[in-house]
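Thanks for coming. I have one structure to go through today, so please have the sequence and the coordinates open.

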Amino acid sequence: MGRADDRRARQRGARRGKSTKSGIRRLFTWKKLLGSFFVFCLLLMGAFVAFYLYVPVPSANADADLQSNVYKLSNGKVIARTGKVNREKVDLSQVPLEVQHTFVAAENKTFYQDHGVDFKGTARGLYNTLQGRKQGGSTITQQYVKNYYLSSDQTVTRKLKELVVSLKIDRKFSKETILTGYINTSYYGRGAFGIQAAAQAYYGIDAKNLNVSQGAYLASLLQAPSQYDWSSATAEGKKLVKARWAYTLDNMVEKKWIDPSKRAEQKFPIPQKPKPESGLKGQTGYLVKAANQELEAQGISEAEIDAGGWTVTLNIDPKKQAQLQKTLREQLTSKLHPKSSTVDADTQAGAVSVNPHTGAVEALYGGEDYLKHEYSNAKRVDYQPASTFKPLILAAALESGAKTQEGQPIKANTIYDGDSRRPVVDSNGNKVGFAPPNEDNQSYGQINVQTAMNNSVNSVFAQMGVDVGLDKVRQLGVDLGMSSLKNAQAVPAMTLGSYGASPMEMAGIYATFDNHGKKVTPTIVKSATHPAREPFKPQKAIGSQVISPQTADAVTSVLTGVVDQGTGTVVKNKAQQVAGKTGTSDNNKSAWFTGYTPNLVTSVGMFGEAAKAHVEDGKKVQAGAQVTISGAAGSGTRVNGGGFPAEIWAAYTFGLDMKPSKFSLDTDQGAAVTPTAPPSSPASPPPSTPPPPSTPPPSTSSAPPPSHSPDPTHSGPGGGDTSAGNSTSTGSNGDQGTSEGTSSNGGTNSNGGNASSTGGEPAGGGTSSTGGGNPTGGGNGNTTNGPLSGWQD
């Protein structure tokens, strides 16, 4: 009986388990799941139908509500009112058929066949909106609805409304009516709404006179008006818009709107230069444009800005701005004679002044007049910063704990070989194909890093960059805010500042040093409000710690030596402690001084940009191309960073009503803590290999110190850069470097001449800054990989 009972018990348990599993299967059968899915779809469809019936076609946006933008200085003074909407509607019959087709080919090839919406694109847009990313309308009808009936708000509700209204509009109006509305309401850049305004803004003609190539360019603009405007586009932007233009024409061939032979005849139609608003004369235009660019970078589109209604308050300090403009006029532009001197006509200048504690841009000089030269010299990144880049190499060395080839930690008193054209070697002792000359081909022998920074010794920093690791140097430059390094090759020539930077970027980098290593992003917008929008939140100007306070303070300490005993003695002041660095680029196409006190950082740059096309040494030079500034303002010789730029910096800074202050530094190295010995005054260049000095070794200079220290108003002589003699060097697989020295004639050179060098492939250490200067001059300067001709200090 026991065994029988046990067997019956097991059978009852098995039946109960089977019953449980069967119950689960009955609950989740494929029929029930499929049925649930269909019910869900029906509910969605029902909801959509209800939404479709609920949402009406709204009234059109009222142009009468559009207002001017108001721009104010930090004290509330209004400096500009802009934003007048440039719009003139035209009938579709006034637009050539081929031009009409360019818009369809560029934006929505299925426009004539679809029902006004792209469900796949809309779903993608909804997803991106939920993710916080921007996503444009998918079809011409949807974009027209957004432009004319709705807004550019990136919300799920607006996207759903766009979908429903687009379906209704497609049913209510003909394709021709929709296309007419689309081309008349779209924003093309340059303040132009609609194809008629765009035709006038870009080609100076009416829409009825546009040809197919011009139409394809205007249609291409709609994707990114600011980025694709030829007058201000970067090299990448020009490449992208030309590709977009070609894509449009190719689609027209595919749709049989033009035949292949006509497509082959088309040439890219470069538009005319923009005509700035008359109210933006002088520096006003540069300030307004810089503010708009900052707003755009933070998500407010150019079209939204140009539509008006904004009140923008800038961080610009009216007293500092007035002082900067006055200084540039007195120290430089009044000395230029562009009508009688080609080099004077080619000379441009830019400057930016930043508060290192707040990141506020307190003064900005973009050029002599925005109406004459729209491209801002304060923000251009197409010229080499040259030796003003050297402090970044030292910062990278200190931050990473790098060591020399001999295993010694790199510090201000570390000894390097300062001989001119000393071959740079890697960690295995192999030559990397890079051996830059020093200024005047001068050899310094065994010197410490402080002395090398004072005299801007190229051979030392070229080797230091390799010792640190070029990738580390490049990455630190990116972290500090040098945009050209983001996609740059890490090559030895970069140690001489061969990649481009702007005065705005260099001011931000040095402000980070001044701010003890906390990232400073120069910010010009203090506030921006609009009656129909949420309050705008300006970008965070003070960021995280990108380098340690000890690294930043050590760099500052070393840079005080440049001012006290090196190439920057023009700015030396008995009452005010100053740190800074000079720089003079390849073939004297630019000259820099970036310096700072504890409470203000200012970067000043001079740039050679061909004012008009001409022939030089048998070669054609295009308008806007980078050219030399040697001999500018009657100097008759090389313009160095220790000359005009440093003189401008000193006159501006010491002309401000600021109390003297001293740096508070957490460091035990550098000239501010352990000053180097006074520079010697050799009658002739020192021997190429002097005996090793004691530590710290005496500083060596190419000129005697000033006879007296300049007073706070900067009267009397001071040190500056000297020009190089005529020399040429060749690298086995790379490029040659930069040059810089000192002088006692107030900062200008006394013996002109140029040094040049040639090199091999970029892999051996070469980059170059090539191309035209500003886009308004018909060219765009680009930093590219390739041989670096000449040298920089």
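Predicted model: local features only at pLDDT ≥ 70, side-chain atom pairs only at ≥ 80, totals over all residues.

The average pLDDT over the chain is 80, and 72% of the residues score at least 70. Over residues 129–136, pLDDT stays under 50, and the model has 18 contacts for them beyond four places in sequence. Over residues 678–792, pLDDT also stays under 50, and here the model has 395 contacts beyond four places in sequence. Please keep that in mind if you look at contacts made by residues 678–792, given pLDDT under 50 there.

Now the overall counts. The chain has 793 residues, and 56% of them count as buried. Its secondary structure comes to 23 helices and 21 strands. Taking contacts with a separation of 6 or more, 73% come from residues 24 or more positions apart.

Next, the sheet. It is open and has four strands, ordered β2-β1-β5-β11, with mixed pairing. Which strands stand at the edges? They are β2, residues 78–82, and β11, residues 525–529; each has a single partner strand, so one side of each lacks a neighbour in the sheet. From one strand to the next, the twist averages 15°.

Let us look at β1, residues 69–72. On one side, β1 pairs with β2 in the antiparallel sense, over four bridges. Within that pairing, Asn69 has Thr82 as its bridge partner, and Lys72 has Val78. The hairpin of β1 and β2 has five residues between the strands, and Gly76 takes a positive phi there, near 95°.

β1 also pairs with β5, residues 311–314, this time in the parallel sense and over three bridges.

On to the helices. Is helix α7, residues 175–185, largely enclosed or largely open? Nine of its 11 residues are buried, so α7 is largely enclosed by the rest of the structure. The buried set includes Lys175, Asn184 and Thr185 as well as Ile178, Leu179 and Ile183.

The other helix topic is a pair. Helix α3, residues 97–107, packs against helix α11, residues 235–254, at an angle of about 110° with the axes 8 Å apart. The two are therefore roughly perpendicular to each other. On the α3 side, the residues that meet α11 are Glu98, His101, Thr102, Ala105, Ala106 and Glu107. Their counterparts in α11 are Arg244, Tyr247, Thr248, Asn251 and Met252. As a general point, an α-helix has 3.6 residues a turn, so residues three or four places apart point the same way.

Last, the cores. The largest nonpolar core has 82 residues, and those with the most contacts inside it are Val312, Leu364, Met464, Phe513 and Ile524. Take Met464: leaving aside neighbours within four places in sequence, Met464 is in contact with Ile393, Leu394, Ala397, Ile410, Tyr416 and Val449. Another core, of 48 residues, lies apart from the largest one; among its members are Phe103, Val104, Ala105 and Trp230. Ala105 has come up already, as one of the α3 residues that meet α11.

That is the end of my part.

Methods. Residues numbered from 1 in each chain as written. Heavy atoms only, no water. Pairing = 2+ DSSP bridges. Axes fitted to C-alpha atoms, helices over the stretch in contact; angles between N-to-C directions. pLDDT = per-residue confidence, 0-100. Contact = heavy atoms within 4.5 Å. Buried < 20%, exposed > 50% of the residue type's maximum accessible area, 1.4 Å probe, protein only. Core = buried A, V, L, I, M, F, W, Y, C linked by side-chain atoms within 4.5 Å. Parallel < 35°, antiparallel > 145°, perpendicular 65-115°, else oblique.
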